[in-house]
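Trainee: I've got a two-chain model to get my head around. Can we go through it together, one question at a time?

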Amino acid sequence: MVGLIDLVEKLTTPHPLDRYLELVRPTFTLRQMRAEITHVRRSAVGSVTLTLRPTRQWQGHVAGQYVQIGVVIDGVRHTRCYSPVNSDRRRDRHIELTVKAHPHGLVSNYLHENAIPGMVVDLAPAAGIFHLPEQRPDRIVLITGGSGITPALSMLRTLATEGYAGKVLFLHYNRSPEYVPHRTELEALALQHNNFRVEMLYPELGTDANFSYDELERLAPWFASAQTYLCGPPGLMKAVRTVYEAEQLADRLHSEEFVLTVAPGDPATAEGEITFSGSGKTIENTGASLLEQAEVAGLTPEYGCRMGICFTCTAVKRTGCTRNLRTGEVDADPDQPIQLCINAPVGDVDIAI
Amino acid sequence: MAMLTETPAGPVVLSREQIEEIGAALDEIRARVTDDLGERDREYIYSIIKAQRGFEIAGRGLMYLGFLPPFWLAGVAALSVSKILDNMEIGHNVMHGQYDWMREPGLNSRVFEWDTVCPSDQWRHSHNYMHHTYTNIHGMDRDIGYGILRVDEAQPWNPLRLGNPVYAFFLMLAFEWGVMGHDLEVENIVQGKRKWLDVKALLKGQIRKAGRQVLKDYVVFPALTGPLFLSTLAGNFTANIVRNLWTFSIIFCGHFPSGVQTFSEEDCAEETQGEWYVRQMLGSANIDGSRLFHIMSGNLSHQIEHHLFPDLPANRYPEIAPEVKALCEKHGLPYNTGSFSQQIGSVWAKLFKLALPPVLAGKPQPAGVIVVRRGQDSEVGV
Ligand code: FES
């Protein structure tokens with residue numbers, strides 16, 4: 001097959017075959033993976049659950065991993081990472097994503113408002129090391145908060161489909177019951193499997209306490225012998241880590257940060273650090289253009305006009321926020337090509353040079 | 001030919017304040033367009049891509065009926081249109097970064113390749129950087145004559161220049177190969193200013209890219225039509241030539257008609273943004289035409305707007321052209337435009353005239369615009 005594609009690409013050179021096929025149908029591509037949204041469900045407040053049918057390149061995910069999807073909003077393609085919430089044993093190769101609409105989240109809001117069956121999105125292969133080991137541990141604790149529930153949901157469903165016989169505690173914190181996606185299903189799972197304990201706590205309602213050692217000890221007295229998977233907002237992450245470190249159980253705690261990309265306060269101030277991850281250099285941000293700062297750091301990035309017209313200096317910004325010195329526009333999207341000569345960092349930035 | 005700006009009182013003089021005012025006005029136009037970029041521009045470029053792919057497939061398909069002359073001709077026409085669209089409205093503009101904001105991997109300036117023998121990375125260096133940064137500065141912008149032609153009085157005359165129109169004619173026929181060789185700076189190698197070793201990597205890239213193009217047009221596609229091998233080969237060859245004639249003509253109309261000014265390195269040292277804008281306007285020329293004509297020329301018929309804003313999507317140039325023109329009129333600056341026949345006629349007239357030694361060619365034209373830079377008048381050549 002690959003041989004044949006190569007041959008056909010000799011004919012379509014210099015354009016890859018996909019650039020022809022996608023014009024016929026966006027899901028018709030040979031190399032580039034995409035997915036079509038087949039179902040849209042808005043059950044929990046503020047979130048939307050999408051079922052996606054990926055194109056044939058999809059290799060599946062391991063419960064806990066994330067995928068990157070790309071959608072076009074006002075002409076611009078934006079990409080974001082979400083964890084599939086379905087069991088990784090799902091037979092029909094579909095994936096299910098639950099997206100919480102964050103107040104300033106461009107993509108999450110867009111999907112929450114506009115996703116409809118038939119819409120096609122870009123899809124990147126599943127990635128991430130936050131997942132269950134193939135050799136399942138005897139005891140598992142899943143602690144999540146807010147939209148951090150998604151990878152744990154996939155883990156719990158996977159364990160359910162494979163008839164896992166060990167003990168599981170699924171501990172989830174949220175604002176109130178309506179905000180918990182897949183709540184009824186979680187409760188049903190707990191009823192079907194008496195080795196699963198599902199606990200949903202709502203400290204903000206005043207009915208429950210915040211995470212603490214005592215709480216954990218009450219729900220899963222065996223937690224010290226379990227493997228724990230943690231994903232949630234910074235406050236929860238910190239509280240759990242403190243407990244595990246005090247118990248010297250840090251090596252049994254696996255966590256995934258979920259970072260929201262929000263533009264920092266004042267774009268004009270020069271704060272933070274610039275990391276040039278390609279060359280392993282880190283410097284203090286002085287507020288000058290990234291090209292000038294890279295040169296001061298002793299790097300020699302390619303450049304031409306130094307005035308934003310030739311695009312020679314384009315490099316990939318891995319993370320962080322930058323400000324366009326010509327337009328004043330601020331950009332906080334990860335993994336974006338930017339022009340070094342007319343962009344200055346706002347806060348911490350990682351550039352792949 | 002008279003300078004468009006020549007007044008009875010002599011050339012137009014642009015003061016510092018005027019230059020800053022022009023700069024601010026142009027910045028504002030730019031900001032307005034960047035703010036407005038969105039779905040419309042996306043739809044535009046994809047509609048052009050769709051059309052180009054359609055013409056390409058039609059052209060290749062018609063070659064199977066190439067034994068019938070009308071079909072052969074239709075095939076050549078379709079393929080020529082495809083190559084012209086690919087090179088101009090798509091390739092040239094995408095590689096200027098005009099659509100980078102869309103964040104579409106297939107339309108990113110750093111990775112895009114086009115259907116011509118010149119590797120895109122080399123073209124981006126000689127064109128996007130050298131030509132667009134140093135537009136019409138002698139000794140910096142190698143597009144002034146491409147190292148072969150005499151297109152400006154400030155280039156010294158020697159007997160070899162007598163062949164000027166002949167060289168131009170051959171460059172026109174083989175234009176894509178000329179574009180490919182541009183970044184090598186062959187004349188600098190001949191003069192010993194550049195070593196062969198420096199260009200080894202460039203040559204390697206050219207052989208790779210050109211090899212693929214040649215293989216596709218002159219071996220694989222002809223072979224696929226079996227007994228029609230020669231007819232398809234001839235068709236593909238003709239389409240490449242048609243594309244060359246067209247791109248050469250449009251591009252030469254952008255900077256070489258009469259009334260376009262050139263500059264010295266000295267003038268342009270420590271240029272302000274406003275001065276840079278003024279140089280771009282004085283150094284470029286437009287062509288009037290219909291919407292279809294503009295699309296087929298990659299909107300390089302709006303060369304002035306393109307040089308002011310090389311990274312704004314080309315479909316925006318017609319929209320902003322009236323404003324740029326009004327700005328020129330306000331300050332008495334030339335807005336060099338004319339019909340295609342006028343502009344191309346003027347280009348060839350110049351190519352012939354500058355073949356002759358200055359004594360026969362007559363006096364060079366006086367400066368049309370004098371730009372006051374850093375408090376000093378700087379004469380700009382014609
Ligand atoms: S160096 Fe030309 S765009 Fe940055």
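Predicted model: local features only at pLDDT ≥ 70, side-chain atom pairs only at ≥ 80, totals over all residues.

Trainee: Which residue in the hairpin of S12(A) and S13(A) takes a positive phi?

Mentor: Look at the turn, where four residues sit between the strands. Phi there comes out near 70° for one residue, and that's A:Gly280.

Trainee: And on the S17(A) side, what is the bridge partner of A:Thr275?

Mentor: S12(A) also pairs with S17 (residues 343–351) of chain A, through three bridges, and these two run parallel. A:Thr275 belongs to the uncovered face of S12(A), along with A:Glu273. Its bridge partner in S17(A) is A:Asp350.

Trainee: Which residues make up the covered face of S12(A)?

Mentor: In a regular strand the side chains alternate between the two faces of the sheet. On S12(A), A:Glu273 and A:Thr275 take the uncovered face. That leaves the covered one to A:Ile274 and A:Phe276.

Trainee: Let's move to the interface. How much area do chain B and chain A bury between them?

Mentor: In contact terms, 44 residues of chain B touch 30 residues of chain A. Of the buried area, 56% is on carbon and sulfur atoms. The total is about 3100 Å².

Trainee: Which three residues supply more of chain B's buried area than any other three?

Mentor: They supply 23% of the area that chain B buries against chain A. The trio is B:Arg53, B:Arg103 and B:Arg110.

Trainee: What is the N to O distance in the salt bridge of B:Asp311 and A:Arg326?

Mentor: Between chain B and chain A the count is four salt bridges, next to 12 residue pairs in polar contact. The cut-off for a salt bridge is 4 Å. The side chains of B:Asp311 and A:Arg326 meet at 3.8 Å.

Trainee: How many charged residues are on the side of chain B that touches chain A?

Mentor: That side has 16 nonpolar and 11 polar residues. The charged ones number 17.

Trainee: Now the loops. Is A:Ser83 buried or exposed?

Mentor: A:Ser83 is in the loop between S4 and S5 of chain A, and a polar atom of its side chain lies 3.5 Å from the backbone oxygen of A:Gln65. Its contacts beyond the sequence neighbours include A:Tyr66, A:Thr150 and A:Glu256. Buried means under 20% relative accessible area; at 7%, A:Ser83 counts as buried.

Trainee: What is the phi of A:Arg93?

Mentor: Most residues other than glycine have a negative phi. A:Arg93 lies in the loop between S4 and S5 of chain A and counts as partly exposed at 36% relative accessibility. Its phi is positive, near 65°.

Trainee: Last one: which residue does a cis peptide bond join to A:Thr13?

Mentor: Omega for this bond is about 5°.

Technical notes
Residues numbered from 1 in each chain as written. Chains lettered and ligands numbered in written order. Heavy atoms only, no water. Buried < 20%, exposed > 50% of the residue type's maximum accessible area, 1.4 Å probe, protein only. Pairing = 2+ DSSP bridges. Contact = heavy atoms within 4.5 Å. Buried area = accessible area lost by both parts, 1.4 Å probe. Polar contact = N/O pair within 3.5 Å; in protein donor to acceptor, adjacent residues only side chain to side chain. Nonpolar A, V, L, I, M, F, W, Y, C, P; charged D, E, K, R; others polar. Lists of a residue's contacts leave out its neighbours within four places in sequence.
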